[in-house]
Amino acid sequence: FPVTNNQRAHHTHTQSDPLLPTQLDSDDDSDLDTDVADETHLTMDPPQPTAQTSDPPAVRPIQVGEWLRKVITRRVMDADKPAITRKLLQSRQWGIGVSGGAEAIAITHLLIEDMWKRGKFTKPTAIIQVDQKNCFGQLEHTCIDEAIQQDHPTIAPLTLWKHAQQAEVIQGPIGRTPHTRGAQQGDVAGSFEASAALAEQARETRAHLHQAQANQQAPWISNSTAPPNPQDNTQAWNITKQHRTQWIQHTPNERRQYMTQQNAHDPYDLIHPQGGMVDLWLMDDQTIICDPTLINTIIDAVDPACTTPTSGGIRNRLKTHVIIYATADQLQNHAQTWHLDEIRTKATLNSPTDHLKTLGATLGGQNHRIDDFQKRPKIMQAMHYKLTTLNDPAVELKLAKHCLGASKVQHLLRMYGSQLHPTLTQADHTIDTTLTRIATGITDTGRQQAALGLHVGGLGLRRLPDIATAAELAAKLTARPKVK
């Protein structure tokens, strides 16, 4: 991007990049090691008239610097991928490097809903969906740096090097503001850095809950009909705290080596047998499955964990949903024990039949799922209509197949395709209309052949009723190890 010496480039969002000089002159490269450049957004002042000079114009390749940083970040993370994946899985963070993580969490939620409707639960169960306000932008760099150093020491130099550079945000009349927080979504390592910081928040939440149970401020929860033994559980928690103290006394590299050799965990990542909760994470979306008795205590544990001065986060009260899988009589009888009135002041309390969304899946029953899916054919029809403006049958067919066909709703088919059969033919009709327009004169037999795979002479335009059940079975088989 050529910029003359008398032009000035300003950063609209300055995230410093140590790989790129501010200015590259043909006869002076002394700034290569000291000056830094930022993201791709630039605003240019109008060029000023200058006297003619024989010097070539300076070049400021901002995009090149961003590309170099991405290449280096990916290379470093790929070299350490086994250790990174192991640590994230131990903290149940399924949003980074885990195939099918979102599906597994959504399917877990759907299975709980289905089991409750079938009367398979011996006691009530609750799910808390925690939402943090602008999580990626709120996390303090100090919080990210500490988490990366403790859990991922081989990545720490890269993160510390990046955050050591002075950065500013320029927002109109506000002027220049130092940029000291946020895991940038445009950064290759942004999601990974946020997940590391959130993993520590999750440990603090579990520790807060189990300490309250040890102090008899909340009950231990038995997994069987026999009542829990508070003394045994408290003793087990105290042992866990001792192991945690010993764990953090070792250096990050020593812990890392021990994890690799012994498949060891951070003691606070383990699920307490009678703790009454298990948490699953997809990036900053936290799903907590727990006993209804613990809802209030868990919410009280989440807030201080995500709002510490070093983390900078804050929980979104209205978007934090609590779903209690219990009958109306159970809700009425346990309203005081479960602190339902207090929960309503801290989160949105929902019933199992309410129309909600979780990671793209519709909750609340088959009718809600069908209602949501019926909107898809209308959207697909409008997008297929736009294909006519291309006037290129080959391109139209390619887009219809790969972007506006079964792939457009594949994630819904994989989660509950067998429940959508009454509405699947509407989407097929839209695809048939496009195929008839492109292949004038095609017969019903031709359309049936087009639905076959390429290896048997078809076009691969799959029909939704043919693949819906198979897609759901495939997803559940893939998710089964995680759900178990």
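**Pocket, cavity and the helices behind them**

Reply: The largest pocket holds about 680 Å³ of space. It is lined by 25 residues, and K123, T125, N223, I289 and C290 lie closest to its centre. Helix 3 (101–117), strand 7 (277–282) and strand 8 (285–290) are the elements that each give two or more residues to this lining. Helix 3 gives the most, with 4 residues. By class, the lining has 13 nonpolar, 10 polar and 2 charged residues.

The model is predicted: local features need pLDDT of at least 70, side-chain atom pairs count only at pLDDT 80 or more, and totals for chains, interfaces and linings use all residues. Numbering starts from 1 along each chain as its sequence is written, and side-chain values use heavy atoms, with hydrogens and water left out.

Some terms come next. The search uses a 1 Å grid over the protein atoms alone; a pocket is an open set of points with protein on both sides within 12 Å along at least five of seven lines, a cavity is a set where a 1.4 Å probe fits but cannot get out, and lining residues have an atom within 4 Å of a point. Points are joined across faces, edges and corners, and a volume is the space filled by probe spheres set on them. Helices (H or I, at least four residues) and strands (E, at least two) are DSSP runs numbered from the N terminus. Nonpolar means Ala, Val, Leu, Ile, Met, Phe, Trp, Tyr, Cys and Pro; charged means Asp, Glu, Lys and Arg; the others, Gly among them, are polar.

Stay with helix 3. It packs with helix 18 (residues 464–483) at about 85°, with the axes 9 Å apart. Helix 3 is therefore roughly perpendicular to helix 18. E103, A104, I107, T108 and L111 of helix 3 make the contact with A475, K476, A479, K482 and V483 of helix 18 (heavy atoms within 4.5 Å). These residues divide into 6 nonpolar, 1 polar and 3 charged. Axes are lines fitted to C-alpha atoms, for helices over the stretch in contact, and angles run from 0 to 180 degrees between N-to-C directions. Under 35 degrees counts as roughly parallel, over 145 as roughly antiparallel, 65 to 115 as roughly perpendicular, and the rest as oblique.

Now the cavities. The whole structure has 7 of 30 Å³ or more. The largest cavity has a volume of about 60 Å³. D428, I431, D432, L435, R447, A450, A451, L461, R462 and R463 line it. Helix 16 and helix 17 (444–450) each give two or more residues to that lining. The largest share, 4 residues, comes from helix 16. The lining has 5 nonpolar, no polar and 5 charged residues.

Helix 16 also packs with helix 13 (residues 366–387), at about 5° with the axes 8 Å apart. That makes helix 13 roughly parallel to helix 16. Contact residues include F373, P377 and H384 in helix 13, and L424, T430 and I431 in helix 16. The contact divides into 9 nonpolar, 7 polar and 1 charged.

Helix 14 (residues 393–402) is another partner: its axis and that of helix 16 (residues 421–438) come within 10 Å and cross at roughly 165°. The two are therefore roughly antiparallel. P393, E396, L397 and A400 in helix 14 meet T434, L435, R437 and I438 in helix 16. That contact has 5 nonpolar, 1 polar and 2 charged residues.
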